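Biologist: Before we discuss any details, could you put the sequence and the structure up, so that we can go through them together?

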Amino acid sequence: MRREFLGKMRAKKAAVQHKHPSHNVRVIGVVGQYGKTTTARLLAEILRESGLRVAVFTNRGSWIENEPYTLAYDGSADAVQRAIAAGRKKADIVIIEITPALCHTHTLPTLQLEMSIVTGESSLVPVVLEQPATYVVVPSAMNPDDLQAAPHQRISFGEDSLAEAQISHVRLMRKGTEVDITLDHHTKHLLSSYLLGGTNVRNVAAAVAAAYVLGVAVDVLPEGVARVEELPGNMQYLATDAPYVCMVDAAHTKEACEYVMEAVKKFAKRRVLVAADSSLDSDAAEYVAEHSDQLTLIDGEEKGNVYTAKDIHAA
């Protein structure tokens, strides 16, 4: 109880010291098990294409109007408030990644959010959705009864027919992705992205849904999406002279790995070999082993162990 009380007091103190910066700039929070950084970057570029100035703060890098922000964004109360205060000086909208640290330090209740974006299931989602926000963007699979926002203040994205930003057709290619997204059940938009795989299709849909509900003109959507050419650790090709293709992705949950493996198997001409570190959870490791020709663990207690689908089935 004492630790919780002190944490709340530190969070309130940081907000006061930085003059409650979220009260004087539009703040958008992004939460989910995966896709947070990519969705934030995609939305930022769409908003910038529409003429708005944008700051983005994530645990994989931060930028204010595409200029790197070099101070720490580690989820601590002081770091979050300082980042938003810095963004407020040069940006119209600040997009922040909502991390476990941000919630555990009791910083979230001190922020005023214009929008919450949910990229997928996560233990933090209920906590974030309890926080008042003018708009909410969620996967269409989520139960509307779980949302506090009124129907006209929320928008859903996904493959099913109920989604207001419906993914209606996807073409996965080696150098990019094409996706048809139908907005409000009647207007179809063809969007092309340099980003690869099904996970990024959903990230694009989430960013487009958010931009749409914010009132961004739909004619800027294609160019805004196309502005994001590559993100580190997001189905990223590595330059190599070897006679095979090497790609890096940060997926570590089963759901994220399902999307990655679906895309990789479409691209692969022969075998799919996967090397993973200890961030890969057990369900994801089992799935990857079953859907690849070989999985090698490169650190942790099982460092050097090699698994194949046959091994998994035998177990």
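Modeller: This is a predicted model, and among contacts in the protein between residues at least 6 apart in sequence, 54% join residues at least 24 apart.

Biologist: What radius of gyration does the protein have, and how does that relate to a compact globule?

Modeller: Along its principal axes, the C-alpha trace spans about 55 × 50 × 40 Å, and 49% of the 315 residues count as buried. A compact globule with 315 residues would have a radius of gyration near 20 Å, and the protein agrees with that, because its own value is 20 Å.

Biologist: Which strands are the edge strands of the open sheet?

Modeller: The open sheet is formed by 11 strands with mixed pairing, in the order β4-β3-β2-β5-β1-β6-β7-β8-β9-β10-β11. An edge strand pairs on one side only, and this holds for β4 (67-68) and β11 (187-193).

Biologist: Which residue in β4 is the bridge partner of I64?

Modeller: Strands β3 and β4 run antiparallel and are joined by 2 bridges. For I64, the bridge partner in β4 is E67.

Biologist: What covers the buried residues of α3?

Modeller: Helix α3 covers residues 77-90 and reaches 21 Å from its first C-alpha to its last, close to the 20 Å expected for its 14 residues. Its buried residues are A77, A79, V80, Q81, A83, I84, A85 and G87. Taking contact as heavy atoms within 4.5 Å, the cover over these residues includes α1 (2-17), β1 (26-31), β2 (54-58), β3 (61-64), β5 (93-97) and α4 (100-104).

Note on methods:
Residues numbered from 1 in each chain as written. Predicted model: local features only at pLDDT ≥ 70, side-chain atom pairs only at ≥ 80, totals over all residues. Heavy atoms only, no water. Helix = DSSP H or I, 4+ residues; strand = E, 2+ residues; numbered from the N terminus. Expected span 1.5 Å × (residues − 1). Buried < 20%, exposed > 50% of the residue type's maximum accessible area, 1.4 Å probe, protein only. Pairing = 2+ DSSP bridges. Rg over C-alpha atoms; globule rule 2.2 N^0.38 Å.
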